[in-house]
Amino acid sequence: MNLQRRMSRRIRRFTGRDDGTATVEAVLWFPIFILIFGLMVDAAMIFHGQAKVLRVIQDGNRNYSIGRLTTNEETQTYVQQTLASIDIDATVTTTNVAGVATTTVRVPAAQLQILGYFSALQSLEIEVSSDHMLENWEV
């Protein structure tokens, strides 16, 4: 009888406590927080990749501007090879209009993500462009 009374008391005490309710709420909200965190990580990596691509484009345009690269094709090849060295496969276009070199790069956003479980971000295509005036350009 003593054992039954102790068990009954323990069960009543257990069911009457409410200090575990915060744990239940945290467990319910945890997947949503993980999804939001994943979205932030992928978005941040896309912006970071965009900045890396812009830096490579500016470097290529600068080399074209000062004469290290002499044609649009050389500049395109330089930008494409530099991006390939950092594992970015992109479409590169360079034009020279009135002494201004313009290089445009198109990169699928899926290449810049880490997690990649947001289909809306995977179907995006990032376009990065930069203009640079050519030095010693003659009309």
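**Close-up views of a predicted model**

**Figure 1. Val 107 and Ile 126 are bridge partners, the latter residue belonging to strand 3.** The model shown in this and the following views is predicted. The pairing of strand 2, which covers residues 100-108, with strand 3 is antiparallel and comprises nine bridges. Another bridge partner in strand 3 is Ser 130, which pairs with Thr 103.

Figure 2. The strands follow the order 1-2-3, and their pairing is antiparallel. The edges are taken by strand 1 (91-97) and strand 3 (125-133); each has a single partner strand, so one side of each is left without a neighbour in the sheet. On average, neighbouring strands of this sheet are turned by 15° against each other, direction ignored.

**Figure 3. Strand 1 and strand 2 make up a hairpin.** Two residues lie between the two strands, and in the turn Ala 98 has a positive phi of about 55°. Strand 1 and strand 2 run antiparallel and are joined by seven bridges. Within this pairing, Val 92 stands opposite Val 105 of strand 2.

**Figure 4. Helix 3 lies across strand 1 and strand 2.** This helix consists of residues 72-85 and runs at about 150° to strand 1.

**Figure 5. Thr 103 is a buried residue of strand 2.** The relative accessible area of Thr 103 is 0%; since buried means under 20% relative accessible area, the residue falls in that class. Residues up to four places away in sequence being set aside, Thr 103 touches Ile 57, Asn 61, Thr 75, Val 79, Val 92, Thr 93, Thr 94, Val 128, Ser 129 and Ser 130. One of these contacts, Ser 130, is also the bridge partner of Thr 103 in strand 3.

**Figure 6. Val 105 is likewise found in strand 2.** Val 105 counts as buried, at 0% relative accessibility. Neighbours within four places in sequence are left aside in describing its surroundings: Val 105 is in contact with Val 53, Ile 57, Val 79, Leu 83, Ala 90, Thr 91, Val 92, Ile 126, Glu 127 and Val 128. Val 105 and Leu 54 are separated by 51 residues in sequence, while their C-alpha atoms are 8.6 Å apart in space.

**Figure 7. Arg 106, Glu 125 and Glu 127 are linked in a network of salt bridges.** The side chain of Arg 106 meets that of Glu 125 in a salt bridge, at 2.6 Å from N to O. Arg 106 belongs to strand 2 and Glu 125 to strand 3, so this pair ties together parts that are 19 residues apart in sequence. Arg 106 also forms a salt bridge with Glu 127, whose closest N and O atoms are 2.8 Å apart. This second pair links distant parts of the chain, with Arg 106 in strand 2 and Glu 127 in strand 3, 21 residues apart. Arg 106 is partly exposed, having a relative accessible area of 37%. Glu 125 counts as partly exposed at 46% relative accessibility, and Glu 127 is partly exposed with a relative accessible area of 43%.

**Figure 8. Arg 62 and Glu 135 form a salt bridge.** The closest N and O atoms of the pair are 2.5 Å apart. Distant parts of the chain are linked here: Arg 62 lies in helix 2 and Glu 135 in the segment after strand 3, 73 residues apart. Arg 62 is partly exposed, with a relative accessible area of 35%, and Glu 135 is partly exposed, with a value of 41%. In total, the structure holds three salt bridges.

**Figure 9. A nonpolar patch lies on the surface.** The patch is formed by Val 24, Leu 28, Trp 29, Ile 32, Phe 33, Ile 36, Phe 37 and Met 40. Together these residues have about 880 Å² of accessible area. One of them, Ile 32, lies in helix 2, which spans residues 21-66.

How values were computed. Residues numbered from 1 in each chain as written. Predicted model: local features only at pLDDT ≥ 70, side-chain atom pairs only at ≥ 80, totals over all residues. Heavy atoms only, no water. Pairing = 2+ DSSP bridges. Helix = DSSP H or I, 4+ residues; strand = E, 2+ residues; numbered from the N terminus. Axes fitted to C-alpha atoms, helices over the stretch in contact; angles between N-to-C directions. Contact = heavy atoms within 4.5 Å. Patch = residues over 30% accessible without salt bridge, like charges linked within 9 Å, V, L, I, M, F, W, Y side chains within 5 Å. Areas by Shrake-Rupley, 256 points an atom, 1.4 Å probe, with all protein chains shown as cover. Salt bridge = Lys/Arg side-chain N within 4 Å of Asp/Glu carboxyl O. Buried < 20%, exposed > 50% of the residue type's maximum accessible area, 1.4 Å probe, protein only.
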